[in-house]
Amino acid sequence: MRMKKILISGVKPTGRPHIGNYFGAMKQFVDMQDDYESSIFVADLHALTGIDSAQELKSNILEEAIDYLAIGLDPKKVTLFKQSDVPQVAELAWIFDCMTTMPYLMRAHAFKDAEAKNKDINVGVFNYPILMAADILLSDADVVPVGSDQKQHIEITRDIAEKFNRLFGKTFKLPKEIILEEFATVIGTDGQKMSKSYGNTIPLFATTEEIQKAVMKIPTDSKGASDPKDTDSILFKIHKLFLDQKEQVELKKEYERGISYKEAKEKLIESAEKFIAPLRERRAYWANKKEEVLKILKDGGEKANERAEKIMTMVRKNVGLTL
Ligand code: AMP
């Protein structure tokens with residue numbers, strides 16, 4: 001019997017997920033759960049770079065675990081855990097810190113973006129790719145499904161693994177990113193990358209009202225009601241996300257024939273609602289089972305910790321910390 005390949009990924013618990021998180025990353029977690037030995041985590045240590053309220057963090061962690069279950073991750077197939085239940089990642093991150101140069105990390109996009117925005121950058125933000133490398137390498141992962149904004153972080157992970165292996169002997173596997181081209185960067189209602197910080201999202205578990213509000217915000221041009229409409233527009237690109245191939249072809253024909261923007265928006269609201277309503281229902285189901293959710297996280301944490309400890313034992317020995 002062929003062993004399944006190992007998959008790991010996580011999302012920061014920083015508030016409600018949006019459809020960019022879903023199509024870019026989270027949907028892949030669900031689609032791949034049968035074919036990989038999967039671990040999906042709540043990246044609570046990563047979230048600490050931007051959260052300073054214990055109450056907020058605690059609530060976000062639980063909410064995200066509920067989100068994972070609501071999108072269809074099956075805890076019988078996937079190890080669902082919270083990152084801080086594997087504190088070995090912080091230990092490994094320190095070891096990686098000591099073998100990574102500042103100029104190398106200064107090339108990371110996330111850091112450069114934060115710097116360009118003149119943000120008060122904490123050391124955690126700067127070290128973010130190192131902690132991420134520790135998460136991935138401690139799970140012995142072959143693949144990491146992510147959105148395209150994380151591509152560089154996986155490259156950094158491979159660089160660190162290679163350097164460690166060169167210095168201290170073969171210890172880590174070199175993981176690969178999996179990025180779906182079609183959903184590499186999901187755009188938001190203003191045409192920029194969909195992101196919580198831009199206020200241009202459609203929440204994954206949006207209420208009907210929130211869907212309507214988000215869609216109404218999408219800018220359109222001054223074309224007349226019966227003029228052909230652009231299928232390269234924000235409206236079309238967002239609508240496409242909710243449709244299968246056949247429905248996409250149909251919608252394209254309608255745009256080319258000339259659909260009014262009013263009707264196009266109504267149709268988008270309808271498609272989004274059809275897609276989101278069942279997710280919302282499943283979320284309500286899990287939100288009522290908090291004890292069960294906590295137990296799933298706890299069991300997953302123990303499993304992930306055990307696996308990480310095995311690798312960490314080897315790491316400590318290989319760097320010379322074990323006498
Ligand atoms: P984050 O909330 O930054 O932890 O992101 C969680 C996951 O969602 C990561 O794999 C990101 O690459 C992915 N992601 C976030 N925003 C988008 C977007 N607009 N399009 C595609 N993927 C995204």
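## Starting from the inside

How much space lies in the largest cavity? The answer is about 80 Å³. Keep in mind as you read that this is a predicted model.

## The chain as a whole

Let's step back for a moment. The protein chain is built with 13 helices and five strands. Its radius of gyration is 21 Å, close to the 20 Å that the globule rule gives for 323 residues, so the chain is as compact as a globular protein of that length. Along the principal axes, the C-alpha atoms fill a box of roughly 80 × 45 × 45 Å. Of the 323 residues, 48% count as buried.

## A strand with neighbours on both sides

Now look at strand β2, which covers residues 36–42. Six of its seven residues are buried, so the strand is largely enclosed by the rest of the structure.

Strand β1 (residues 5–11) runs parallel to β2, and seven bridges join the two. To see one of these pairings, find Ser 9, whose bridge partner in β2 is Ile 40. Together with helix α1 (residues 19–31), β1 and β2 form a right-handed β-α-β unit. β2 also pairs with strand β3 (residues 78–82), again in the parallel sense, over five bridges. Here Ser 38 stands opposite Val 78 in β3.

## Two cavities

The structure holds two cavities of 30 Å³ or more. Residues lining the largest cavity include Ile 8, Phe 41, Phe 81, Asp 135 and Arg 307. Helix α13 (residues 290–319) gives the largest share of this lining, with three residues. Sorted by class, the lining has eight nonpolar, two polar and two charged residues.

The second largest cavity has a volume of about 30 Å³. Around it you will find Ala 65, Tyr 68, Leu 69, Leu 80, Val 293, Ile 296 and Leu 297. Helices α3 (54–70) and α13 each give two or more residues to this lining. Its classes are simple to remember: seven nonpolar, no polar and no charged residues.

## A pocket with charged residues

Which helix supplies the largest share of the lining of the second largest pocket? It is α12, with five residues. Both α11 (245–257) and α12 (261–287) supply at least two residues each. The space in this pocket comes to about 310 Å³.

The lining has four nonpolar, two polar and six charged residues. Among the lining residues are Glu 247, Glu 250, Glu 254, Lys 267, Glu 270 and Lys 274, along with Phe 242 and Leu 243.

Technical notes:
Residues are numbered from 1 along each chain as its sequence is written. This is a predicted model: local features need pLDDT of at least 70, side-chain atom pairs count only at pLDDT 80 or more; totals for chains, interfaces and linings use all residues. Side-chain values use heavy atoms; hydrogens and water are left out. On a 1 Å grid over the protein atoms alone, a cavity is a set of points where a 1.4 Å probe fits but cannot get out, and a pocket is an open set with protein on both sides within 12 Å along at least five of seven lines; lining residues have an atom within 4 Å of a point. Grid points are joined across faces, edges and corners, and a volume is the space filled by probe spheres set on the points. Helices (H or I, at least four residues) and strands (E, at least two) are DSSP runs, numbered from the N terminus. Ala, Val, Leu, Ile, Met, Phe, Trp, Tyr, Cys and Pro count as nonpolar, Asp, Glu, Lys and Arg as charged, and the others, Gly among them, as polar. Buried means under 20% relative accessible area, exposed over 50%, partly exposed in between (1.4 Å probe, protein chains only). Two strands pair if DSSP finds at least two bridges between them. A crossover is right-handed if, with the strands pointing away from the viewer, the path from the first strand over the helix to the second runs clockwise. The radius of gyration is taken over C-alpha atoms; the globule rule is 2.2 Å times the number of residues to the power 0.38.
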